[in-house]
Amino acid sequence: MSTQADTKKDIAKLESESALPARTLLGDVWRQFRRHKLAMLASAILIFIVLSVALGGFIWTVDPTKPDITNKNIFPTPAHPMGTDNLGRDLLAQMILGGRVSLMIGLVAMSIAMTLGTFIGAMSGFYKSLDNPLMRLTDLFISLPVLPLLLVIISLFRDSLRQVFGPEIGIFLLTVTVIGSLNWMATARLVRGEVLSIKEREFVLAARSLGSSDFSILLRHVLPNVLSPVIVAATFSIAAAILTESALSFLGLGFPPDFPTWGRILFEGRSYMELYPYRVIFPGIAISLTVLCVNFIGDGLRDALDPRLRK
């Protein structure tokens with residue numbers, strides 16, 4: 001009797017387990033990510049910031065570039081929730097437009113850095129003959145002083161690109177290209193280490209024994225397994241790009257004065273910060289909060305994508 005009862009219990013247990021939905025990697029990552037409270041809070045705040053700068057222009061229709069000298073340097077009021085600058089331009093409208101540019105610079109510069117870093121790291125780790133020259137090239141770029149080099153490059157090529165593409169598009173292309181081209185080194189080292197470990201595993205050896213080409217092995221078996229650390233690195237790269245662009249704009253080497261970014265607004269408000277502190281408080285909070293949220297999301301993704309932390 002006890003044997004029959006145990007058998008029925010086992011059958012019932014198997015039926016209940018089979019009735020549960022199948023677990024997926026994405027579902028496990030999402031469940032682990034939800035346990036990171038700061039990452040979830042940062043995600044909600046970042047989504048609010050992105051929606052605000054993306055859709056805010058349709059709600060707050062004030063022209064951010066239109067001066068109004070009669071209303072210059074007004075403290076926050078219902079008519080101007082973030083005040084106005086020394087030319088009477090609405091600061092909220094400038095923050096919305098500047099946020100679009102700053103976030104776009106972060107995304108595009110991140111894409112360039114991740115593409116370069118992943119390519120160089122994968123080539124270095126997969127092909128032994130390329131390992132030494134590519135890593136020495138990486139060491140060379142790491143040894144370069146990034147901010148002084150950025151200042152020199154932008155000073156040299158800013159005017160020529162402005163003449164070809166216009167003042168806004170020219171400086172945008174130059175900024176994202178330079179920032180992305182000088183921030184790929186950490187990703188390259190990370191990807192190289194992962195590729196060195198993965199290319200010796202059994203499924204890669206099996207694919208090679210079946211006659212798969214190096215390109216096929218790299219594309220179908222190696223790169224998908226290094227995607228997790230690259231995603232985590234991408235979040236931190238966005239934050240670094242936003243900070244770098246803000247520093248360049250603060251130094252007066254970013255976009256033209258009539259085209260606001262968060263860094264440019266901060267740069268123009270520094271001379272008035274004692275009399276009108278709101279001029280630097282609002283862009284400073286926007287930059288700090290965005291970078292902080294992106295970093296917290298990166299921490300949450302790092303924990304969620306680590307298989308040792310998932311149950």
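This briefing describes the fold, cores, helix packing and selected residues of one protein model.

The model is predicted. The protein contains 13 helices and zero strands, and 42% of its 311 residues are buried. Its largest nonpolar core comprises 53 residues, with helix H4 giving the largest share.

**Overall architecture**

- From the N terminus on, the order of elements is α-α-α-α-α-α-α-α-α-α-α-α-α.
- Of the contacts between residues at least 6 apart in sequence, 70% link residues at least 24 apart.
- The accessible surface of the protein amounts to about 17100 Å². Carbon and sulfur atoms account for 68% of that surface.

**Nonpolar cores**

- In soluble globular proteins, nonpolar side chains tend to be buried together.
- Val222 touches Phe126, Val195, Ile198, Val204 and Ile217, when residues up to four places away in sequence are not counted.
- A second core is separate and holds 16 residues, among them Val101, Ala109, Leu150 and Phe172.

**Aromatic residues**

- Five aromatic pairs are present in the structure.
- The ring centres of Tyr276 and Tyr278 lie 6.3 Å apart with the ring planes at 70°, so this pair is classed as edge-to-face. The classification follows because planes over 60 degrees apart count as edge-to-face.

**Packing of H6 and H7**

- Helix H6 covers residues 146–165 and helix H7 covers residues 167–181. The two helices pack at an angle of about 145°, and their axes are 8 Å apart.
- The crossing in which H6 passes H7 is right-handed.
- On the H6 side, the contact involves Leu150, Ile153, Ile154, Phe157, Arg158, Leu161, Arg162 and Phe165.
- On the H7 side, the contact involves Pro167, Ile169, Gly170, Ile171, Leu173, Leu174, Val178 and Ile179.
- An α-helix has 3.6 residues a turn, so residues three or four places apart point the same way.

**Helix H12 and its surroundings**

- Helix H11 (residues 227–250) and helix H12 (residues 262–269) cross at roughly 35°, and their axes come within 7 Å.
- H11 passes H12 in a crossing that is right-handed.
- Ser246, Ser249 and Phe250 of H11 make this contact with Gly263, Arg264, Leu266 and Phe267 of H12.
- H12 is mostly covered, as seven of its eight residues are buried.
- These buried residues are Trp262, Gly263, Arg264, Ile265, Phe267, Glu268 and Gly269.
- Helix H3 (37–59), H4, H11 and helix H13 (278–305) are the elements against which the buried residues of H12 pack.

**Selected buried residues**

- Thr138 belongs to helix H5, residues 128–143. Its relative accessibility is 0%, so Thr138 counts as buried.
- Apart from neighbours within four places in sequence, Thr138 contacts Ile120, Trp184, Met185, Ala188 and Arg189.
- Val191 is part of helix H8, residues 185–198. With 1% relative accessibility, Val191 also counts as buried.
- The C-alpha atoms of Val191 and Ile120 are 8.4 Å apart in space, while the two residues are separated by 71 residues in sequence.
- Gly117, Thr118, Gly121, Ala122, Val226 and Val230 are in contact with Val191, leaving aside its neighbours within four places in sequence.
- His36 sits in the loop between helix H2 (25–34) and H3. The relative accessible area of His36 is 19%. His36 is therefore classed as buried, because the category requires a value under 20%.
- With neighbours within four places in sequence left aside, the contacts of His36 are Phe296, Asp299, Gly300 and Asp303.

Methods
Residues are numbered from 1 along each chain as its sequence is written. This is a predicted model: local features need pLDDT of at least 70, side-chain atom pairs count only at pLDDT 80 or more; totals for chains, interfaces and linings use all residues. Side-chain values use heavy atoms; hydrogens and water are left out. Helices (H or I, at least four residues) and strands (E, at least two) are DSSP runs, numbered from the N terminus. Buried means under 20% relative accessible area, exposed over 50%, partly exposed in between (1.4 Å probe, protein chains only). Contact means heavy atoms within 4.5 Å. Accessible areas come from the Shrake-Rupley method with a 1.4 Å probe; for residues, only the protein chains shown count as cover. A nonpolar core is a set of buried Ala, Val, Leu, Ile, Met, Phe, Trp, Tyr and Cys residues joined through side-chain atoms within 4.5 Å. Rings of Phe, Tyr and Trp (its six-membered ring) pair if their centres lie within 6.5 Å; planes under 30 degrees apart count as stacked, over 60 as edge-to-face and the rest as tilted. Axes are lines fitted to C-alpha atoms, for helices over the stretch in contact, and angles run from 0 to 180 degrees between N-to-C directions. A crossing is left-handed if the near helix is turned anticlockwise from the far one by less than a right angle, and right-handed if clockwise.
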